[in-house]
Amino acid sequence: MAALQPFTCMDTADEAVRATCDDATTCKRFATSKGYWKDPHIQYFARSVGERKAPEINRGYYARVKGVNHLLDAFLRKSDCNCQVINLGAGLDTVFWRLKDENLLPQKIFEVDFPTVVARKIHNIKTKSPLSKHLIETHSTDSLILDTHSLDSDRYCIIGADLREISKLDEQLKRFHLNPDLPTVLLSECVLVYMTPSQSSNLVRWAAETFHTAMFINYEQVNMSDRFGQVMIENLQRRQCSLAGAELCHSLETQKERFVKTGWEHADALDMMTVYSMLPQEDVARMECLEFLDEKELLQQLLQHYSISWASKDKLNLGNSFSSS
């Protein structure tokens, strides 16, 4: 009988990172239950609404969801949905169901996460008919693959993989019919920051080298060298969750540099306070009426310590921008 392998520091860190998936899903579930935005599918991935979340947390998630969706949807519309989406570290995201409901489904959506996270998501899809219904409606061939750690249909694919192992990731994506010639948008939300700078650079470089027309949308921490940022790091460390890539979250400039140095033609970045001010103000006003916010300064600090950065390679001249429209 083979000896059991002891847990390593990396095992502990990976488990802590996987736990952030539940944190994000629970926060989104609570915010949608309060009416911050609509997501009828998140309820099938979070067991309950859970305990009350502070208004500044809810507003932060509102800005995150609206900001990322703005860039993603703009790419889909400019390409007439003749493109593919790769959601890196997708967790229990409901992007596939939202885009299906809004008639913005690309040629195919690929999601990648740890095998244990993927197994949970696939189990929920198999056992919750409102989720599987969308899958069935978008699949017309006989080649549906549905096992513990992978799902592959005509328009939606979920893969269990480690983003730090680029060659294996590339092999799995191509096995499930990733098309390097299609315009491609890659999403990562609080993912790269948990990888070392060399690991995340390898991933970003792989994307730049693989696709001739692409956009990379990255949401994560920024301005982490000031006192507020250090407190954020310390709080995560208490949960055994290390921000291995924090040095690339030093500023908006370091966020942009990671893309420019790895083969992307253009890169830009905004902190979430700026994004918040650029969102459609009528909906922001509606959202702000949902709950009284006492700690306005805390909200501002939180938003100043998260950012959206995006990079592009644009041989088809699709263009990209972030505007208040």
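Which residue forms a salt bridge with aspartate 170? I found that the partner is lysine 174, with the closest N and O atoms 3.1 Å apart. I counted a salt bridge where a side-chain nitrogen of Lys or Arg lies within 4 Å of a carboxyl oxygen of Asp or Glu.

I noted that the model is predicted: local features need pLDDT of at least 70, side-chain atom pairs count only at pLDDT 80 or more, and totals for chains, interfaces and linings use all residues. Residues are numbered from 1 along each chain as its sequence is written, and side-chain values use heavy atoms, with hydrogens and water left out.

I placed aspartate 170 and lysine 174 in helix α6 (residues 166–175), four residues apart, about one turn of the helix. Helices here are DSSP runs (H or I, at least four residues), numbered from the N terminus.

I then looked up accessibility, where buried means under 20% relative accessible area, exposed over 50%, and partly exposed in between (1.4 Å probe, protein chains only). Aspartate 170 is buried at 16%, whereas lysine 174 is partly exposed at 45%.

I searched the whole structure and recorded 20 salt bridges. One of them joins the side chains of aspartate 73 and arginine 98 (2.8 Å, N to O). This pair links distant parts of the chain, with aspartate 73 in helix α2 and arginine 98 in helix α3, 25 residues apart. Both aspartate 73 and arginine 98 are buried.

I also found arginine 98 in a salt bridge with glutamate 102 (2.9 Å, N to O). Glutamate 102 is partly exposed, at 41%.

Terms used
Helix = DSSP H or I, 4+ residues; strand = E, 2+ residues; numbered from the N terminus.
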